[in-house]
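Let's walk through this structure together, one part at a time. Have the sequence and the 3D view open as you read.

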Amino acid sequence: MKKTFKLEGLSCAACAIKIERGINELEGVDSASVNFLTAKLIIEGSEEKMPDIIKGARKIVKRKEPYVKMVEI
Amino acid sequence: MRNRIIRIIIGLLLFIAALLIDTDRQWIPMTIYLIAYITVGGDIVLSAASNIFRGQVFDENFLMAIASIGAFAIGEYAEGVAVMLFYQVGEHFQSYAVDKSRKSIAQLMDIRPDFANVREGENILLKDPGEVNIGDIILIKPGERIPLDAKVIEGTSTIDTSALTGESLPRVVEPGSEILSGCINQTGVILAAVTKMYEESTVSRILELVENAGNKKSKSEQFITKFARYYTPVVVIAALLLAFLPPLILPDQTFGNWIYRALSFLVVSCPCALVISVPLSFFGGIGGASRRGILIKGGNYLEALARAEIVAFDKTGTLTEGEFNLIEIHSREIDKEEFLSLAAHAESFSSHPVATSLLRAYGRPIDQTRISDIQEIPGKGVVATIDGRKVSVGNDKFMDEMEIHYDINKSCDSFESCDIEESNVSFVSGGTFVHLAVDGVYAGYMVIADRIKNDARQAILNLKASGVKKTAMLTGDIDPVGKDVAARLGIDEVHTQLLPQAKMERIEELMTGLSKGGRLVYAGDGINDAPVLARADVGIAMGGLGADAAIEAADVVIMTDEPSKIGEAILISRKTLKIARQNIIFAISVKILVLILSALNLTALWAAIFADVGVTVLAVLNALRTLGIHMTASIKKKKNNR
């Protein structure tokens with residue numbers, strides 16, 4: 001399944017890459033990508049693990065960019 | 001933003017004051033520098049500290065904090081303040097440039113409709129397009145954006161499709177016409193019945209496609225990601241070694257001098273210029289192409305397009321219109337209009353493609369009272385009694401059977417040797433002859449054929465001019481027709497009478513002929529040749545406007561049915577790639593230069609940071625040029641057409 005999030009306040013391109021890499025390493029994620037310009041995060045992964053994936057992703061975003069808000073769209 | 005500018009200005013004034021103060025008491029300028037430092041860079045030091053607690057080292061804040069605190073530690077107060085000052089100025093410009101690019105992109109994507117006027121009973125309600133259902137009746141006023149794909153039920157108007165197709169010529173719509181979301185209604189009020197939910201409507205699909213194009217990364221982007229991963233740690237480690245090794249090993253060296261050099265390493269250790277500008281270049285290229293009616297589904301396809309070496313085409317529907325049309329009437333005695341009228345009436349009950357094309361060419365209502373008896377002979381033709389005369393319309397076999405003598409020159413395989421008016425020749429492909437006899441007397445024949453698209457020849461010429469080595473055509477059509485079309489268009493290689501499986505084999509054969517790094521592009525209609533589209537390095541579907549299957553199957557979708565857009569797509573791709581490469585080379589070489597100069601102690605700290613943020617800003621501005629590529633491409637196209 002595919003989930004899309006807006007990363008509000010994303011201002012650092014290098015952090016965007018780090019966030020993307022971090023989420024890609026989470027268990028159950030098929031692919032994750034952060035588009036710095038549209039400030040969008042798209043996660044594709046297994047349906048049953050999605051709640052855990054999202055929790056993990058939030059943690060990663062918080063650690064890399066504490067001011068960024070991750071909002072599902 | 002404002003806040004930062006004020007802080008930069010105060011910091012700068014204090015900095016200048018400290019520089020100018022002439023006093024023996026050391027602590028006075030030192031205090032001023034410290035106040036200036038806290039004003040300008042306090043927030044950076046704070047977030048660096050809090051990042052360390054979260055386990056984040058090596059981020060920009062941390063590096064800048066270390067560099068500036070290091071400068072203070074070795075007594076270079078002015079440099080310490082300058083680092084923060086220039087860093088903040090650079091950040092300011094950078095965020096301005098990123099902001100500007102985000103806005104340009106938002107503008108590019110500004111085809112999203114905001115509302116729909118939905119008719120409910122007597123009232124017109126303003127609704128969110130996402131809440132409108134299939135079958136709802138929507139009202140679109142002049143100047144409004146069409147919110148959902150729909151079918152016109154009342155009113156006529158012209159619509160501007162340029163946001164989807166890049167086509168500036170408006171399209172006329174009337175009851176029965178399909179209209180696509182994202183286009184702008186221009187002249188009249190229209191009522192239309194919604195045919196697709198918002199998520200399935202053209203505008204949503206295009207936006208999703210372009211936004212998701214970032215997921216399929218090009219080699220350049222992958223390189224940057226990898227580069228960014230190693231660059232910072234490597235530079236930081238190099239800085240550590242540079243700070244401590246030489247003074248320990250070499251005689252007569254002070255730590256202060258080498259630490260100073262190492263600090264310059266830290267300030268250029270962020271790969272920002274690259275990680276922002278390269279993806280931005282690709283995104284801009286893809287966005288710019290979409291405004292020309294060319295949807296590219298990822299940076300990787302853009303890269304492959306730029307390296308196109310062989311371009312293969314399907315024939316029907318790609319290079320030709322894929323529709324039979326009446327091309328010529330060669331009548332004797334009876335005038336052409338009456339001839340066509342007789343043929344159309346005779347064929348009026350048939351569903352054969354020939355009949356359809358005749359009725360379309362006739363274009364007037366059929367007068368049923370003129371027809372009294374119709375008999376269709378499958379595979380041959382039709383006999384009908386019209387105005388009391390027996391009219392026979394059919395192919396050669398039909399004429400032979402009725403022993404009617406026809407005398408066109410049947411030795412000609414193609415039309416070149418036949419007596420077709422010169423003006424039409426270039427548009428004809430694979431014709432069928434249809435004869436007509438009245439009361440057993442031969443009256444003449446018509447030529448019905450698929451037309452070669454107007455821009456097909458130019459499309460092939462453009463490809464050749466852009467350096468594509470070989471063009472090929474793969475068609476299921478019979479040999480003479482295929483060869484004829486290929487010859488007219490100047491296509492190098494042609495394979496005819498191919499079944500879908502055989503098309504696949506031919507594509508694979510062609511691919512073995514590619515040089516290393518060369519790519520094969522295949523353009524088809526996206527409906528019958530999905531496997532071939534998938535097999536080619538880049539599969540291009542033509543005429544994607546409204547055809548969902550094509551949008552799904554291909555890597556690149558050309559919204560209009562013009563094959564000349566393929567050359568344009570290649571041009572845009574090359575330009576985009578060139579800009580991305582410029583940025584990579586520019587940014588990396590400036591960084592390396594600064595690293596070398598700092599290692600040799602030939603540059604000041606503040607100059608290093610100035611170079612670093614300057615590069616980022618310049619690279620972003622350079623990347624923004626990709627957004628405008630479609631304009632230059634269209635200008636070139638116009639010149640070529642002349």
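In chain B, helix α8 (residues 255-267) packs with helix α21 (residues 605-624) at an angle of about 15°, their axes being 9 Å apart. Helices here are DSSP runs of H or I with at least four residues, strands are E runs of at least two, and both are numbered from the N terminus. Axes are lines fitted to C-alpha atoms over the stretch in contact, and angles run from 0 to 180 degrees between N-to-C directions. α8(B) and α21(B) are therefore roughly parallel, the word for angles under 35 degrees.

Look for Tyr260(B), Leu263(B), Ser264(B) and Val267(B) in α8(B), which meet Leu605(B), Ala608(B), Ile609(B) and Asp612(B) in α21(B). Two residues are in contact if their C-beta atoms, placed from the backbone, lie within 7 Å.

This is a predicted model, in which local features need pLDDT of at least 70 and side-chain atom pairs count only at pLDDT 80 or more, while totals for chains, interfaces and linings use all residues. Residues are numbered from 1 along each chain as its sequence is written, and chains are lettered from A and ligands numbered from 1 in the order in which they are written.

Now turn to where the chains meet: 22 residues of chain B are in contact with 15 residues of chain A. On the chain B side, α4 (77-108), α6 (202-212), α7 (219-249) and α9 (272-291) each give two or more residues. Of these, α9(B) gives the most, with 6 residues.

Finally, chain A itself has 2 helices and 4 strands, following the pattern β-α-β-β-α-β along the sequence. Its C-alpha trace spans about 30 × 20 × 15 Å along the principal axes.

Technical notes
Parallel < 35°, antiparallel > 145°, perpendicular 65-115°, else oblique.
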